[in-house]
Amino acid sequence: MAAPKPRVKVPKSASAGEVITIKTLISHNMESGQRKDKDGKVIPRQIINKFTCEFNGTQVFGCDIAPAISANPYFEFTAKVPQSGTFKFTWVDDNGEIYTHEQAIEVK
Amino acid sequence: MLSKKIILAAAAAMATASGLAVMAVAEPADEELVIDGEIQMVTRAKAPEGHPFDEVLSGWLYRTPETRELETDTFTNPGMLYVERGEEIWNTVDGAAGKSCASCHGDASETMAGVGASFPKWDADAKRPINIELQINKCREQNMQAAPYKFDHADQKALTTFIKHQSLGQPIQVDLSQGDMQSWWEQGKELYYTRYGQLNLSCASCHEENNGRYIRADHLSQGNVNGFPTYRLKQANMVSLHSRFRGCIRDTRAEFPAALSDELMSLEVYTTWRGTGLSVETPAVRQ
């Protein structure tokens, strides 16, 4: 499909210290490098190999991604929100491209 | 002693026999499908006049709880990525005429509302039923001067998904009074009940006579098509209706008709009718 597009679901607000659930998705073919084209040649691997989430500059979640992860990787995780701030999401592609998305959250 | 042995042997034989005869059966889910907590979907409807069932059920009810849950949220529904891609295509100029779909049809959420629920329709020019895929190609050739999509091209699937999605929640209702739709419905009905292939199975063999039972690990539904194009977890991709028809017939070990052929168009008319009243779920999430 077209350029990888990230989507993120973060609550708009939370109480101080609340643990919230964050859902993330990015459209990406995640070519594993195991498939062959109709001429028998291996289709080269191209996947998102790393995903991290920072809150106000501190990493709260991160993972290294391997070819077994399917297309359009979906990650859901929890994070504690001590104060108002911004979540920054980063996806690293095998080809060196970096996709980011930011979402603010308000602590009432 | 001897009589006890005979009784035991008889019991064992009966157990084996009944074990072979008992097939796994499971009820379809007793659950409501509400999308994003807002859109109330109809997954059970009163069958139309002349239908063999009293009630028609969506395939959604036959899936595992995890699969069903994916469809309830437009964020987690993987098919929505293709709806977004379809929207991109809708707004992209293509062809010598310098037009996009939007050039003529404007905002799809208005102009395409109801389209997904009422196709296939009668095409008076071609004198045969027309579905969304064929309508897109007709528009591309005649109005955009763009090349028609090859069947199952990624863009065709995305655009079809996007267009049908504009009718999300609306009840399926095809108009059989147009042109010769009724005779194509008859042809589709005949195909539905014809046994094919080495395995000698008709659509009815599974979807009419055995819905609710398992074929290997698959929980058989009524075979309604209100969710197509469907996001299939098996493919991690959208699957078009004619692709599914071909797959089913291939699975009977028969030669399968060409996509968009007369046979499959008639089958599309008939199977769409069989799901009358069910909400358009495109993009549905299935196994």
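What follows is a short chat about a predicted model with chains A and B.

Visitor: What are the ground rules for the numbering and for the model?
Guide: Residues are numbered from 1 along each chain as its sequence is written, while chains are lettered from A and ligands numbered from 1 in the order in which they are written. The model is predicted, so to speak of local features takes pLDDT of at least 70 and side-chain atom pairs count only at pLDDT 80 or more, whereas totals for chains, interfaces and linings use all residues.

Visitor: Chain A to begin with. How many helices and strands?
Guide: Chain A has zero helices and eight strands. Helices are DSSP runs of H or I with at least four residues, strands are runs of E with at least two, and both are numbered from the N terminus. The C-alpha trace of chain A spans about 60 × 20 × 20 Å along its principal axes.

Visitor: What share of chain A is buried?
Guide: 18% of its 108 residues. Buried means 20 or more other C-beta atoms within 10 Å of the residue's own, exposed means 12 or fewer, and partly exposed is in between, with C-beta atoms placed from the backbone.

Visitor: Which strands of chain A form the open sheet?
Guide: Five strands, in the order β2-β8-β7-β4-β5, with mixed pairing. β2 (13-14) and β5 (58-64) of chain A are the edge strands with a single partner each, so one side of each has no neighbour in the sheet. Two strands pair if DSSP finds at least two bridges between them.

Visitor: And β4 with β7, parallel or antiparallel?
Guide: Antiparallel: seven bridges join β4 (residues 48-55) of chain A to β7 (residues 85-93) of chain A. Cys53(A) stands opposite Phe89(A) in β7(A).

Visitor: Switching to the contact between the chains. How many residues from each?
Guide: Nine residues come from chain B and twelve residues from chain A. Helix α3 (residues 79-90) of chain B gives the most to the side of chain B that touches chain A, with four residues. That side of chain B has five nonpolar, one polar and three charged residues. Here Ala, Val, Leu, Ile, Met, Phe, Trp, Tyr, Cys and Pro count as nonpolar, Asp, Glu, Lys and Arg as charged, and the others, Gly among them, as polar. Contact means C-beta atoms, placed from the backbone, within 7 Å.

Visitor: How is chain B divided?
Guide: Into domain 1 (34-77 + 172-286) and domain 2 (82-165), with bounds from an automatic or database domain assignment. Their centres, taken over C-alpha atoms, are 22 Å apart. The contact takes 22 residues from domain 1 of chain B and 21 residues from domain 2 of chain B.

Visitor: Which helix supplies the largest share on the domain 1 side?
Guide: α12(B), with five residues of the side of domain 1 of chain B that touches domain 2 of chain B.

Visitor: How does α12(B) sit against α9(B)?
Guide: The axes of α9 (residues 181-192) and α12 (residues 262-274) of chain B come within 7 Å and cross at roughly 90°. That makes α9(B) roughly perpendicular to α12(B). Axes are lines fitted to C-alpha atoms, for helices over the stretch in contact, and angles run from 0 to 180 degrees between N-to-C directions. Under 35 degrees is roughly parallel, over 145 roughly antiparallel, 65 to 115 roughly perpendicular and the rest oblique.

Visitor: And α7(B) with α8(B), which residues meet?
Guide: Ile132(B), Glu133(B) and Ile136(B) in α7(B) meet residues of α8(B) including Leu159(B) and Ile163(B).

How values were computed
Two residues are in contact if their C-beta atoms, placed from the backbone, lie within 7 Å.
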